[in-house]
Amino acid sequence: MRVTGGPVEEDDLQARIDGRLPPERAEMVDMYLAAHPEERERWSQYAEQREALRAAFGAQPGGPIPTRLQVSHLLARRRRRHRQLARIAAAVALLIFGGVGGWTARDVLPSLTSSASAILASAVFDDAIAAHRTFSVETRHPVEVGANEEAHLVQWLSKRLGHRLIAPDLTTLGFQLMGGRLLPADSGPAALFMYENGKGTRLTCYYLSANVGGETEFKYRDQNGTSAFYWVEDGLAYAIAANTDRDLLLKVAEIIYQQNSPDGARAKIPPAPGKPS
């Protein structure tokens, strides 16, 4: 659909969410969305996430959206990370299929694999912590599908991610499943399960398909009071986040690892900061 001033493009939709369009152009975008229900649905999801981010990070109602929370900025950051991973994948393909072998490939491939793993870990940490901060504070809509529909929720998210997921049983630590939701990520859809204990502490389990081989040891990050553990196993990245101490979160991560691991083996846990290996 063409409107006065040129066709509506992705930049217009993002700017409309962030409130950066002049009134005339905003009206044109609204007309476009009214005529395209699928685009309207996608736009509404972005708008809802923007408002949740505003609430989570303390932006003032009615005030300008900080650059770091603007939809255009968040999507641009995702595209940059996607390009980094694409360049690494292309380099690996060149080594494998381009006739480069011997000691050259032996020296370079571990470095490329390490770079891809580091980029993935950073992306998953960022997205999992942002998702936790955004949705754990919600009172009316913390989840998309409630725990009363657990079987449907797990089946739906498993199908979207292409992996058999489970909603971990964390009742031994006092956490009850609240439900979950589907989220966008760089490499495809991500899944989020949310839990709450009797003290009102909420915990989220973030899952994302990971195109890296092998397994990784647990990695830990604390970002402004939100703690997270991350690891990869069998092509799936896991990130467990909560506003709680490292020891409790580690117990949660171990339980989830054991419930998802075929042999229930103990994960390789890094020592706490300041403690010997």
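In this predicted model, the side chains of Asp12 and Arg25 meet in a salt bridge, 3.0 Å from N to O. A salt bridge here is a side-chain nitrogen of Lys or Arg within 4 Å of a carboxyl oxygen of Asp or Glu. Asp12 lies in helix H1 (residues 10-18) and Arg25 in helix H2 (residues 23-35), so the pair ties together parts that are 13 residues apart in sequence. Both Asp12 and Arg25 are buried. Buried means under 20% relative accessible area, exposed over 50%, and partly exposed in between (1.4 Å probe, protein chains only).

Residues are numbered from 1 along each chain as its sequence is written. The model is predicted, so local features need pLDDT of at least 70 and side-chain atom pairs count only at pLDDT 80 or more, while totals for chains, interfaces and linings use all residues; side-chain values use heavy atoms, without hydrogens or water.

**Fold and confidence**

- The chain has seven helices and seven strands. Helices (H or I, at least four residues) and strands (E, at least two) are DSSP runs, numbered from the N terminus.
- Read from the N terminus, the elements run α-α-α-α-α-β-α-β-β-β-β-β-β-α.
- Of the 277 residues in the chain, 44% are buried.
- Of the contacts between residues at least 6 apart in sequence, 56% join residues at least 24 apart. Contact means heavy atoms within 4.5 Å.
- The average pLDDT is 75, and 63% of the residues score at least 70. pLDDT is the predictor's confidence in each residue, from 0 to 100.
- Residues 68-72 have pLDDT below 50, yet this stretch has 20 contacts in the model beyond near neighbours in sequence.
- Residues 100-114 also fall below 50, with twelve contacts of that kind.
- Where pLDDT is low, the predicted coordinates should not be read in detail.

**Salt bridges**

- The whole structure holds three salt bridges.
- Arg221 and Asp126 form one of them, at 2.9 Å from N to O. Arg221 lies in strand S5 and Asp126 in helix H5, so this pair ties together parts that are 95 residues apart in sequence.
- Arg221 is partly exposed, at 23% relative accessibility.
- Arg202 and Glu196 also pair, at 3.2 Å from N to O. Arg202 is buried at 16%, whereas Glu196 is partly exposed at 26%.

**Aromatic rings and charges**

- There are nine aromatic pairs in the structure. Rings of Phe, Tyr and Trp (its six-membered ring) pair if their centres lie within 6.5 Å; planes under 30 degrees apart count as stacked, over 60 as edge-to-face and the rest as tilted.
- Phe218 and Tyr257 make an edge-to-face pair, 5.9 Å centre to centre with 75° between the planes.
- That pair links distant parts of the chain, 39 residues apart: Phe218 sits in the loop between strand S4 (202-209) and strand S5 (219-223), and Tyr257 in helix H7 (residues 246-260).
- Phe218 is buried at 1% relative accessibility. Tyr257 is buried at 7%.
- The charged end of Arg246 sits over the ring of Tyr220, 5.1 Å from its centre. A charge sits over a ring if NZ of Lys or CZ of Arg is within 6 Å of the ring centre and within 35 degrees of the ring normal.
- Arg181 lies over the face of Phe135, 3.9 Å from the ring centre.

**Nonpolar cores**

- The largest nonpolar core has 31 residues; Phe193, Tyr195, Leu203, Tyr207, Ile240 and Ile256 touch the most other members. Such a core is a set of buried Ala, Val, Leu, Ile, Met, Phe, Trp, Tyr and Cys residues joined through side-chain atoms within 4.5 Å.
- Helix H6 (150-161), strands S2 (176-185), S3 (188-196), S4, S6 (226-233) and S7 (236-242), and H7 each supply at least two residues of this core.
- H7 gives the largest share, seven residues.
- Another core, of 23 residues, lies apart from this one and includes Val124, Ile129, Tyr230 and Ala241.
- Ile240 touches residues including Leu203, Phe229, Trp231, Leu249 and Ile256, not counting residues up to four places away in sequence.

**Val124**

- Val124 lies in helix H5 (residues 102-135). Val124 is buried, with a relative accessible area of 0%.
- Leaving aside neighbours within four places in sequence, Val124 contacts Tyr206, Leu208, Tyr230, Ala237 and Ala239.
- Val124 and Tyr207 are 83 residues apart in sequence and 8.7 Å apart in space, C-alpha to C-alpha.
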